[in-house]
Amino acid sequence: MIATINPATEEVLAEYPSMSQSDIERILDAAYRDFADWRRSPMLDRSRFMLRAAALLRERKAEYGVLVAREMGKPLAQAMAEIEKSAWVCDFYAANAEGYLQPEEIDMDGAKGMVVFEPLGLVLGVMPWNFPFWQVFRFAVPALMAGNGAIVKHSPNVTGCAIAIESVFRDAGFPENIYRTLHIELQDVDTLTGAVIAHPCVQAVSVTGSTAAGRAVATRAGRALKRSVMELGGNDPYIVLDDADLEKAVAVCAAARLLNSGQSCIAAKRFIVHRSVRRRFEELLLVRMLGAITGDPFDPATEVGPIARADLRMELHRQVSRSVTQGATLLCGGTLPEGKGYFYPPTILSDVTKGMAAYGEETFGPVATVIEAANDDEAVAIANDSEYGLGSAVFSADHGRALAVASRLETGNCFINAMVKSDPRLPFGGVKHSGYGRELSSYGIREFANIRSLYFG
């Protein structure tokens, strides 16, 4: 059985039966049968079903928002915003998928070449708990609109969300088995996920999760010669230059660190601040972090909910404690609250230097790391001194200067005077240990297409 636990109260919410290998094989066979017809379905039908999925998400936004808040602790307002964003990506691809997949004609010295984008087959999505609806829709919507089938192995602690998502696609009119969820217990994940990847009906894999999880899945995908997209961990640098509007920078930086209680691969994690403005930045950040209310996800005043699981909170606390032992200065937070729930207070670590846990490791929670830089060159060097390369941000009153810094950062994206967000209109992904491949926009839908060349002599 798979149990889900409310991280704010530690109560068991529900128990669900897990699936055996024979259960999974039956699902894959049924999904592939539906795929055989779905791949030939008119784009108009796909768009119509996807628009209905968006409408159902909006109709059920309050219900699903409560489910997200209960299963992983996201503040309710943020949970409902996540449902709305999931509906947006449905609308977006319903409107744009056909254009993104239009054949491309190429002049071949008087003959004609053509590039067509065709479905691959079933695509496995290994999805995380931190955005239990958005991450799934971000993967599944373009995969389905490209004519593929989608199989999702979701995180066990958000099994209720996984079931709800499956019902959205089915209720919207999609073929019964073209989108299916696999319920796998933690101890069986490695074995059964490996069997799914090796299954001949599965042609590609998409992972959103930790670098360790991505490495394990990518190894199996590579062994099976299956295409893969990896959106993995991050230790995003936010560079604050000496000409930045500090009040605005702090407001954006704090929001980017506290969103989803800091549990995001693209959360702001390392604040690399010019020496001349560091102290003032820290003063403003301290006021903002101390003012962030931690508590019940259903209280409208709450900005920071609990960490999703007990083990994740303990790992975060160990990282903070190790950093302090290594010489970091604790400006606020850094203690385990008493009572029920996996809460962790907004925390600031200052005087962080290379070699400390908070310098090089991804901290998945409301912990801000402040690192001083003497100038632009040192800021870039510190930002790039990481195994990760997902998101980044630069704050400066001079857009030319900000762009010059941004162009030197080894990341998949950079936002100037703004927080990093995934957006259906822009490709999303990272480099280095943050993964490879892209999601969203035209690039994301083509990741799971057979890009086939035709020649007319």
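User: Quick one before we start: what counts as a pocket here?
Analyst: A pocket is an open set of grid points with protein on both sides within 12 Å along at least five of seven lines. The model we're looking at is a predicted one.

User: Thanks! How much space lies in the second largest pocket?
Analyst: About 460 Å³. It is lined by 24 residues, and Lys85, Phe131, Leu259, Lys421 and Ser422 are the closest to its centre.

User: Which element gives the largest share of that lining?
Analyst: Helix H4 (76–100), with 5 residues. Helix H5 (134–145) also gives two or more. By class, the lining of this pocket has 14 nonpolar, 4 polar and 6 charged residues.

User: And the largest pocket, how much space is in there?
Analyst: That one holds about 1,300 Å³. Its lining has 48 residues, with Trp129, Ser155, Ser210, Arg309 and Leu312 nearest the centre. Helix H8 (211–223) supplies the largest share, 7 residues. The classes are 24 nonpolar, 13 polar and 11 charged.

User: Switching topic: what order do the strands of the open sheet come in?
Analyst: The 6 strands run S7-S6-S5-S8-S9-S19, with mixed pairing. At the edges are S7 (179–182) and S19 (435–436), each pairing on one side only.

User: How do S8 and S9 pair, parallel or antiparallel?
Analyst: Parallel, over 5 bridges, with S8 at residues 202–208 and S9 at 227–231. Valine 205, for instance, has serine 228 in S9 as its bridge partner.

User: Which strands does helix H7 touch?
Analyst: H7 (residues 189–198) packs on the sheet and touches S5, S6, S7 and S8. Its direction makes about 160° with that of S5. Both H7 and S8 also supply at least two residues each to the lining of the largest pocket.

Notes: Residues numbered from 1 in each chain as written. Predicted model: local features only at pLDDT ≥ 70, side-chain atom pairs only at ≥ 80, totals over all residues. Heavy atoms only, no water. Pairing = 2+ DSSP bridges. Helix = DSSP H or I, 4+ residues; strand = E, 2+ residues; numbered from the N terminus. Contact = heavy atoms within 4.5 Å. Axes fitted to C-alpha atoms, helices over the stretch in contact; angles between N-to-C directions. 1 Å grid on protein atoms, 1.4 Å probe; cavity = no way out; pocket = protein on both sides within 12 Å on 5 of 7 lines; lining within 4 Å. Points joined across faces, edges and corners; volume = space filled by probe spheres on them. Nonpolar A, V, L, I, M, F, W, Y, C, P; charged D, E, K, R; others polar.
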